[in-house]
Amino acid sequence: MKELFALAGRQLRRKKLRVFLIVLGIAIGVAAVIGVTALGEGIRVQAVEQIKASHDLTTIEVSAGAEAGNVTLITESKIKAIKQEEHVLFGAPYVKDSYVTQNNTYLAVKGVTPEYRGIHSNLELERGNWFDESTHSNYTQIVLGYDVAKRLAVTEDLGVGDEFVAKIRLYGEEGPPRDRSTALKIAGILESAGDEHDNQVFVGITEAMEMDEKDAYDGLLVKVDDPAFVASVREKIEEIGLNAQSAQDVIDEVNRLMVAVTLVLGFFSGISLVVGALMVVNTMIISVYERTKEIGLSKALGASDLDIMKIFLAECLIIGVMGGILGDLLGIGFSVVIDLVGKPFLISTLGGELGASLQSGSITAITPSILAVGFAISLVLSIVSGLYPARRAARLSPLDALRQI
Amino acid sequence: MTVETKGLTKYYWMGTGKVVALEDVDLKIEEGGFISIVGPSGSGKSTLLNILGCLDSPTKGKVFLDGAQVDYRNKKSLVILRRKFVGFVFQTFNLIPALNAVENVEYPMYFNKPLKSKSERKEKAMKLLALVGLEKRANHLPSELSGGEQQRIAIARAFANDPKLILADEPTGNLDSVTGRSILDLLTRLNNEERMTIIMVTHDFESAKRMGTVIRILDGRIQQQER
């Protein structure tokens, strides 16, 4: 085997320029695929990193399950069951309602427990206090999100400590909906959280449920001790018929999308590989012509068809190995160039937050598997391209081949 | 190796019609003999050599090598015969340009399995080079050697797999007369020392006569056989 390659190497060394050109042809194709794939991978990694940074990976968002027409509600007993699962730190149920002030300002209300704040740690008070559900009074204490507070200050001239009356519309099982009024007192105002909480009004969950007369929760946040156990806890939750989502879903979605995009781009950049393959076919056919006499001689000296085929395929394999190595190196070079040139371009085009998020780190990512695939492509390509010429060489009649001038 | 043919006939079909290359050739060559086949161009002497060397197949007739009939339809057995029993020497030397002298001599051993070790093969190739007096040229490429030297290396190569039959097609045809004579002397010496059958095609009747049995061939038929 070693000798076969030594022999093949000898043959290749006689036509260095030709071999270099084919190797370069294949390598450029491989490098194009590697560059595109590395870009796709780099953007994917960036996106996933961003999701990880902005999402709590240890929280599972539970909602009512609906399967085959059966609705499974989040009830007290279900929450109890979930809390007993291993790795579950705590659960924070909540209800969602919509109140309207006397001046027809709509308020998105969320009835929460103190644990809710344990999950959304970005909820900081700017003024006032969080409500204390243990103290009963004839009004309901509320905390306003940053934007709601601004709106109410402008439209209704309300601030911390002010009281006002709001209505909630209740839809019973039968009959027309009825409205119910309640007195609210603004206990505190939140700092800007930069998310949907800025438009939210918070109220204690017990009072909220008294108001809306619901007997099940609208949602439940489950905190798990480690991201690694999120999947298993999630499965348990789904087993009892509830719907569960986590940041992992978003990550999975991004992964799926980027893998698909990368595959499509990689496929099209791979078309350049066809050119490389044709070069190998062409060069090897020429080589068979040039060495017809040598092939006839080898057969006269006792070479079988298989021996001849092996010599030509060994040459292709060497070309493939060289193309793979050079392709990997060029591919790394390509991705560095994409990073240097493409990143500033992307940042300026995307602008804003998305662009700024690309600032750190690189937009391309070369992984060992990308390089391995690039190498393998080059190998397979050259062997497959060499099959036809090698077969052609092997099938030459020794006598005819020897007669060739 | 004894070589025997019975009713050996070869036709070629070329454009307008049938060309007779060999017609009903009966031949018997004893082991260790040195036979020269002489005849003008197109007399069929090279065709005879190619058929005996399993490179070509007859239209009719039989060939026996060491008493065993050659099956020309069995490609694999032909490969084995060429590999193990036959050594070729060509008019145009046919060395592989990419390989140096000793590698050219080793080349047929590469195909002859079971493979001996690389070092054993090289050692044997060096011995063969010494036999033809070219051990000092071992690392030269064919392009760096004279015609006579190339043909000596080709002869060493023909001996690589210890063949029982050497087939030489005009081995001196591309050489000047002095060099040609030294090549013939070499073949005679090897024939005497190694005791293998040598069949040589030539158009040089005078030198052929000195070597041993001469077979004259004309229009595909054996005309006479003389010692």
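Helices (H or I, at least four residues) and strands (E, at least two) are DSSP runs, numbered from the N terminus. The model is predicted: local features need pLDDT of at least 70, side-chain atom pairs count only at pLDDT 80 or more, and totals for chains, interfaces and linings use all residues. Residues are numbered from 1 along each chain as its sequence is written, while chains are lettered from A and ligands numbered from 1 in the order in which they are written.

Two loop residues of chain B were examined for their backbone angles. Most residues other than glycine have a negative phi. Arg195(B) is not a glycine, yet its phi is positive, about 55°. Arg195(B) lies in the loop between helix H6 (177–194) and strand E8 (197–202) of chain B. A residue is buried if 20 or more other C-beta atoms, placed from the backbone, lie within 10 Å of its own, exposed if 12 or fewer, and partly exposed in between. Arg195(B) counts as exposed because it has 10 C-beta neighbours inside 10 Å. Asp66(B) also has a positive phi, near 50°. The loop that holds Asp66(B) runs between strand E4 (60–65) and strand E5 (68–69) of chain B. Asp66(B) has 13 other C-beta atoms within 10 Å, so it is partly exposed.

The strands on either side of Asp66(B) belong to a sheet. Two strands pair if DSSP finds at least two bridges between them. In chain B, 4 strands form an open, antiparallel sheet in the order E2-E1-E4-E5. Strand E2 (17–29) and E5 stand at the edges, each with a single partner strand, so one side of each has no neighbour in the sheet. E4(B) and E5(B) run antiparallel and are joined by 2 bridges. Phe64(B) stands opposite Gln69(B) in E5(B).

Helix H2 (residues 75–85) of chain B contains Leu78(B). Leu78(B) is buried because 21 C-beta neighbours lie inside 10 Å. Two residues are in contact if their C-beta atoms, placed from the backbone, lie within 7 Å. Leaving aside residues up to four places away in sequence, Leu78(B) touches Cys54(B) and Tyr72(B). Leu55(B) is 23 residues from Leu78(B) along the chain, and their C-alpha atoms are separated by 7.9 Å.

Chain B also meets chain A: 18 residues of chain B are in contact with 15 residues of chain A. On the chain B side, H2 and helix H3 (101–111) each supply at least two residues. The largest share, 4 residues, comes from H3(B). This side divides into 10 nonpolar, 4 polar and 4 charged residues. Here Ala, Val, Leu, Ile, Met, Phe, Trp, Tyr, Cys and Pro count as nonpolar, Asp, Glu, Lys and Arg as charged, and the others, Gly among them, as polar.
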